[in-house]
Amino acid sequence: MWSDQPFDTRLKLKLDMLASPTRDNLLGDYLSARRYVTEEIVKNIPRSEPDLTDHSEAHLADVMRRICDLIGSDDSYLSPHEFYLLGISVLFHDVGNLHGRKEHNKKIADIYNAARNNEDRFHTERNAVLSIAGAHTGSTMSGNEDTVKNVTILTFDGSRIRGQELAALLRLGDELAEGPHRTSAYLLNHHSYKPENVIYHRYASSVEHRIDRVDGRIAITYTLDLELKNGNLEVGNGIKIDDMLRFCYARIVKLDLERRYCKFYSNMLSVFKETSAYFNFYHEGHPLDFEIEPIVISDIVIPGDAIKTIEERYESYGIEHLVSALSQECGRNL
Amino acid sequence: MNNHANPFEYEQATTFAPSFVRDVFIEDHNFTRFIQSNRNVFLLGERGSGKSMTLLYNSIAVQALKSETEKTQATFDYLGIYVPCNTTLFHKKEHELVSNTELAGIISEHFMVIGIAFAIAKGVGSILKDIDKVDNDRLHEELVYVLGADLLPNMPLMQALEAYLQRQSRLSQEHLNALQLDEFRRQAFTFTSLVHPLLTSIARLPSLAKPHFLILLDDAHDLNVYQMSALNSWIGYRDRSLFSFKVAVADSVKYQYRTASGGSILEGHDFLTIDLERPFQSANSDFGKLAKDLVERRLSKINVDVSAEDFFPASNEFQSSIERCKLAAQKEADSRYPDPQDQKKRRDYVYKYSRVKYFRERDPKANLPPYSGFETLAHVSTGVIRNLLRPCYWMYDAVYSTLSEDDRKHPMKSIPSDVQSKVIRAQSEQLWKWIQSSLASTIDNCSLEDARRIHRLLDNLANLFRERLLRANSEPRALAFSISAMTEDLSSNIMPLLDIARRAQLLYFRSGPAKDDGRRETYYIPNRMLWPIRGLDVVGQHARVSIQAREIWAAAANNTAFPFTEMDNVQGDLFDAEV
């Protein structure tokens, strides 16, 4: 059962700026799309993709919340029509998963058509939604992942729509909608996910994202509960700490790339200049007496500096060095 | 009683002489080494948990004394400036007189930075007394130029700075009193116009070799919202080469982490948190070791060279009874788990049930059990240093007051177990009486009805824990609880009560792993000094009882007893690692 989100409230306020009947029509169209997606589609996704992290209406609400955080208090930049299309695009961005995860961004059309009963009046909306929502992941015809580039300027209800701006907002909002709510601790602990997917769920249960628009940063916080098993450090579900750290490093770099990529296409996102990551380590339920500086990747480029990996940037994050320090600390803690 | 002779003095650390802080502070077994680093740190803990002591120990005054005692050359890589926030400068209320929030922020920051600059002058003054005249003159000249300060020429430089700050404080006060707000604005200081240039100038002194300043802010929960947001903004600075903040906060719920620009500082990313209140621990845990070192260090101050266990011996009768119960529990464990592989099960069984047997086999009509021994003292402290020192102080006092003049000339060698027991029982009884008579008048926003509800809740918890100690099979010595099935309505009734109990140090909040892997939940530990007078075992076990929110509220509001069943929802193993 969907309950109104801050995004919904903002959308209604935006639409109130329009004259009737446009205002009432768009609000009605949004509500009917939302009802269709939340009641008919997303709750059935686990049937076709049981190993995916959560793509239920909670995920849609989370993407909306992240987008609100990315936008901050700036209510004037997006027009009412743009905000409306952003909302519709959020609703439809993952519906393709109903027909399988692979290229799900390209399977939106059928479900969209069913939701709108193939009515002619939705043709421009469909065009916009398929462009914006379709760009949230995947690759282009030419094979690269620069999907937002192809969105360009759109037209909807006689208004000019900055498609790339919306696509970038949706894409980064979706990327940031990650956290413990996206997985089931019960299923994870009862071996109900495929082994190759367990690390994704373990990752989701360990990460929190914070969008700090005022200070222009995206902060990632990991909380890892360490276990000593047969002399090896694990983070639960049989995942070794070094594998998890590598996975986290890769995701930090990926999130930072997404941040840079999306801000290239969005003025709204241009304030985000930094990605930071911090690790909390626990052992047997208690914080380890172990301190490590946060990883900070900012936009600053110093001429002559080579592009570095996290391990090159921070000696203390070298996998071997870090695992050894943690093992020592966990051993001391016993 | 001569207070100075009592080694277990537990008054506010700020009342102690630097030499006392140097002598009794224990550096090991805690996170305080992070103070001497470039990271921003928040020290969290209720009153008496050691925050002020930690900050004071790292101040210039104590570190300089320490080098002097150890006959080492003070390096001054880190210069700790102790800044108490509970002073009149920080508490000025003039910002409340203006409706303009921007101006209110400027007024608050102005007096706060004067307070910090004053503390810098005081702290640094002690190490600049022997400074080379050329360097002194150069610094004088620089401060006059950078701060626009007309420093008095005929007094030591830092004293002249103190005088200048006092004058500026008075001038700004006069402008505010006369509502000459433009005048005030023109002269108002900010962190960047006063503290930063002051630190930069001092750091340039050749004799200090580029130190890092630790700004040690004590009682930061007393700052007003503008001061908190200003402080948070300074903490948010990325460049921490010149200074960092170590901030002690007693009321972590009250402290807000918003910055002046509307953002917020984040744990881990912008600052580290050190929780000085530890989850309840065994003798081998960090707190257990800290407690032992602390008591022994204090004893060495009066030339008593015995272990904490020898100074606070357990009653012989109690020890032999426990030993007998341990042997009986071992026999039961051997017959229940005969498989050689089940060594851990046997060990756990003995750990869980030997003390329980003692309490269960006591004659129901017998007096309260004896509460003595260092282990009991450590456990009854609930992991808070002042709770450990307080009974020690009164035990020492009780013995000292019975000594003849001659005997007082010799160091005391131990506290008899009956004296320990008497003091613990008296303090326990006093705590319950205090809840009934003084809780409402002592704690802010606590009504008489709130106090009655807290009393009823703790009283029913005592009954539940006693029932469990005498009858439960699973985790019978659990002395902590978590709350399940919380609703919005119940939360609005229960949480304010728990918050009052927390502020009154009757209840400690902790965070631990929940049954659902990956989640953490808050659980609650009542102050263990409540339990001796109720005949409970203060040496609890690492487990918590899950109680439904409606039962908590029924106990507090209607004095309804907690239901007890053998199938109580108890979470144990997650904490057993410390055993």
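Analyst: In chain A, β1 is joined by 4 bridges to strand β2 (residues 159–162), and the two run antiparallel; strands here are DSSP runs of E with at least two residues, helices runs of H or I with at least four, both numbered from the N terminus, and strands pair if DSSP finds at least two bridges between them. The model is predicted, so local features need pLDDT of at least 70 and side-chain atom pairs pLDDT 80 or more, while totals for chains, interfaces and linings use all residues. Residues are numbered from 1 along each chain as written, chains are lettered from A and ligands numbered from 1 in written order, and side-chain values use heavy atoms, without hydrogens or water.

Within this pair, A:T155 has A:R160 of β2(A) as its bridge partner, and A:T155 lies with A:I153 on the uncovered face of β1(A) (residues 153–156), whereas A:L154 and A:F156 form the covered face. The hairpin has 2 residues between its strands, and A:D157 takes a positive phi near 50° there.

Elsewhere in chain A, the axes of helix α1 (residues 6–15) and helix α5 (residues 80–92) come within 9 Å and cross at roughly 150°, the axes being lines fitted to C-alpha atoms over the stretch in contact, with angles from 0 to 180 degrees between N-to-C directions. The two helices are therefore roughly antiparallel, a term for angles over 145 degrees. Their contact (heavy atoms within 4.5 Å) includes A:F7 and A:L11 of α1(A), together with A:F83 and A:Y84 of α5(A).

Technical notes
Buried means under 20% relative accessible area, exposed over 50%, partly exposed in between (1.4 Å probe, protein chains only). Angles under 35 degrees count as roughly parallel, over 145 as roughly antiparallel, 65 to 115 as roughly perpendicular and the rest as oblique.
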